[in-house]
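The following questions and answers examine a protein model from its atoms. Please consult the sequence and the coordinates alongside the text.

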Amino acid sequence: MSKSLYIKTFGCQMNERDSEIIEQLLAQEGYVPADRAEGADVVLINTCSIREKAEQKVFSLLGQLRDEKARNPSLLLGVIGCVAQQEGERIRDRMPHVDLIVGTQQIYRLPEMLARLEQRVTSREIAINLEASFHIPPFQKLLVNASPFPASSGFKRFVTIMQGCNNYCSYCVVPGTRGREISRPMADIIEEVEILASQGVKEITLLGQNVNSYGLTNPVADLTVSFPELLRRVASINGLQRLRFTTSHPKDLSEDLMRCFAEIDILCPHFHLPVQSGSNAVLKRMNRKYTIETYLEKVAGLRRFCPEIALATDIIVGFPGETEEDFQATLELLSLVRFHGSFSFKYSDRPHTHSVNFLDKIPEEVKSRRLLAFQTLQDAIGLERNAECIDKEVEVMLEVCAGDDCKGRTPAHQMVHFNRQGLPLAPGDLVTVKINQAGKHSLKGDIHLKH
Ligand code: 5AD
Ligand code: SF4
């Protein structure tokens with residue numbers, strides 16, 4: 001009889017991709033998907049610890065699953081990913097209902113660990129070591145198409161090109177949760193993309209915590225290319241229509257990479273370039289290794305090579321010691337760059353980071369006020385940016401339709417709603433839409449019918 005698996009994923013695209021890999025590995029062992037935790041044979045929580053709130057959600061779900069485990073003692077419950085990596089020992093000691101604790105580098109061992117638990121060879125499996133010499137195992141080539149687990153999307157997929165981080169921003173858990181930076185051999189990446197493209201995937205997003213430094217750290221024998229070279233190689237694979245990547249550290253953004261936006265047809269004009277703060281003093285304490293002046297030079301460089309490029313960023317408000325002037329500098333930066341979009345967060349202390357020990361923590365109400373001010377300004381700018389599309393024709397890659405109401409994304413990653421007027425469209429199709437309405441977070445328009 002087949003066993004059923006339910007995975008709940010928190011956090012970033014890297015985690016989403018890891019969950020897909022786990023599903024694929026376990027499909028090979030005969031697992032089929034369960035649509036909810038209740039009644040599943042195995043429940044895995046793929047966790048995120050980037051901010052305090054993300055971690056709290058994990059612990060509250062684990063609390064709820066304690067009852068489920070009491071009702072169904074044969075359920076195998078696992079915690080994997082970043083919280084497992086950082087808090088594995090605490091979970092082991094305080095949560096006896098958790099059977100399996102697996103850190104970020106050990107997910108590839110899940111089939112053997114689950115088999116031992118099922119056969120009652122052991123009553124608990126814990127694998128949370130982080131190794132500096134870790135290599136991302138080659139892609140599992142089997143079952144990409146035949147997997148019983150539906151892919152999150154048939155036409156667009158993520159491909160991991162590197163893991164870990166060597167930057168040590170003072171607020172960030174990632175070096176602790178994902179280990180040192182390692183790049184995946186180019187041959188493995190190309191092979192994976194070729195397989196995906198041959199199965200009809202049209203859009204690929206190359207993933208890593210810091211893709212700009214791909215190939216610069218721990219190069220292995222067949223890994224001698226830079227990130228721009230990798231982009232050119234991937235872009236030449238037949239069948240792909242859109243190429244994206246995320247995420248980048250401004251300090252490693254080279255002119256060669258900027259040039260890619262002018263030269264690679266399928267590279268989408270959208271760049272997520274986290275700045276974190278508009279104040280040099282704060283950036284220094286964050287250990288970001290760039291100034292606002294150099295950040296602005298890079299923005300100007302990108303726009304020189306690709307004038308229509310849409311920029312998005314991440315901002316932390318209320319970093320320890322952030323003064324009102326520092327925060328004003330962040331607002332000024334926003335008005336200067338006019339990002340198309342941003343993700344903004346209140347600073348939270350994370351375990352084992354430098355900034356935990358910084359003085360002058362900012363009170364919660366000040367952080368909330370700053371976050372609101374930031375988001376109000378960003379929303380206004382986002383609306384203006386979207387309004388720039390009115391009366392223009394944009395290319396949209398269709399994502400989903402509910403009846404004739406469809407939505408898809410532009411190359412700049414803006415969401416567009418339109419009516420397909422009875423046309424037989426499928427996800428992944430490219431259509432032209434004339435924009436007639438702009439909102440803060442999306443656009444609306446009419447499909448352009450070819451006569
Ligand atoms: N507190 C708040 N936000 C954080 N981020 C990372 N660490 C923290 C923290 N301790 C934000 C950064 C990063 C994004 C993924 O999460 O903006 O770019
Ligand atoms: Fe969260 Fe960072 Fe881990 Fe992704 S790498 S799951 S963002 S802590």
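Q: How many disulfides does the count come to?
A: This is a predicted model, in which local features need pLDDT of at least 70, side-chain atom pairs count only at pLDDT 80 or more, totals for chains, interfaces and linings use all residues, and side-chain values use heavy atoms without hydrogens and water. Residues are numbered from 1 along each chain as its sequence is written, while chains are lettered from A and ligands numbered from 1 in the order in which they are written. A disulfide is taken as a pair of cysteine sulfur atoms within 2.5 Å. By this rule the count is 1 disulfide.

Q: Which cysteines does the disulfide join, and what is its handedness?
A: The S to S separation is 2.4 Å, and the partners are Cys-401 and Cys-406. The torsion about their S-S bond is about 100°, so the disulfide of Cys-401 and Cys-406 is right-handed.

Q: Is Cys-401 buried or partly exposed, and is Cys-406 buried or exposed?
A: Buried means under 20% relative accessible area, exposed over 50%, and partly exposed in between (1.4 Å probe, protein chains only). Cys-401 has a relative accessible area of 30%, so Cys-401 is partly exposed. Cys-406 has 3% relative accessibility and therefore counts as buried.

Q: Which cysteine has the sulfur nearest to that of Cys-306?
A: Cys-306 has a relative accessible area of 3%, so Cys-306 is buried. Cys-306 is in no disulfide, and a distance of 10 Å separates it from the nearest cysteine sulfur, that of Cys-268.

Q: Which domains each contribute at least three residues to the shell around ligand 2?
A: A residue is near a molecule if one of its heavy atoms lies within 4 Å of it. The residues surrounding ligand 2 include Cys-12, Asn-15, Cys-48, Val-173 and Arg-178. Domain bounds come from an automatic or database domain assignment. At least three residues of the shell are drawn from each of domain 1 (3-127) and domain 2 (152-268).

Q: What is the make-up of the shell around ligand 2 by class?
A: Ala, Val, Leu, Ile, Met, Phe, Trp, Tyr, Cys and Pro count as nonpolar, Asp, Glu, Lys and Arg as charged, and the others, Gly among them, as polar. One member of the shell, Cys-48, is buried, with a relative accessible area of 10%. The shell around ligand 2 has 6 nonpolar, 4 polar and 1 charged residues.

Q: Which side chain has a polar atom 2.6 Å from an oxygen atom of ligand 1?
A: Polar contacts are pairs of N or O atoms within 3.5 Å; within protein, one must be able to donate a hydrogen and the other to accept it, and residues adjacent in sequence count only if both atoms are side-chain atoms. A side-chain N or O atom of Arg-51 is 2.7 Å from an oxygen atom of ligand 1, and a polar backbone atom of Ser-348 is 2.8 Å from a nitrogen atom of this ligand. The side chain at 2.6 Å from a ligand oxygen belongs to Asp-314.

Q: What is the phi of Gln-276?
A: Gln-276 is among the residues that surround ligand 1. At 7% relative accessibility, Gln-276 counts as buried. Most residues other than glycine have a negative phi. Although Gln-276 is not a glycine, its phi is positive, at about 75°.

Q: What is the relative accessible area of Thr-177?
A: Thr-177 is found in helix H5 (residues 174-178). With contact defined as heavy atoms within 4.5 Å, Thr-177 touches Ser-49, Cys-82, Gln-85, Gln-86, Thr-104 and Leu-130, not counting residues up to four places away in sequence. Thr-177 is buried, with a relative accessible area of 0%.

Methods: Helices (H or I, at least four residues) and strands (E, at least two) are DSSP runs, numbered from the N terminus.
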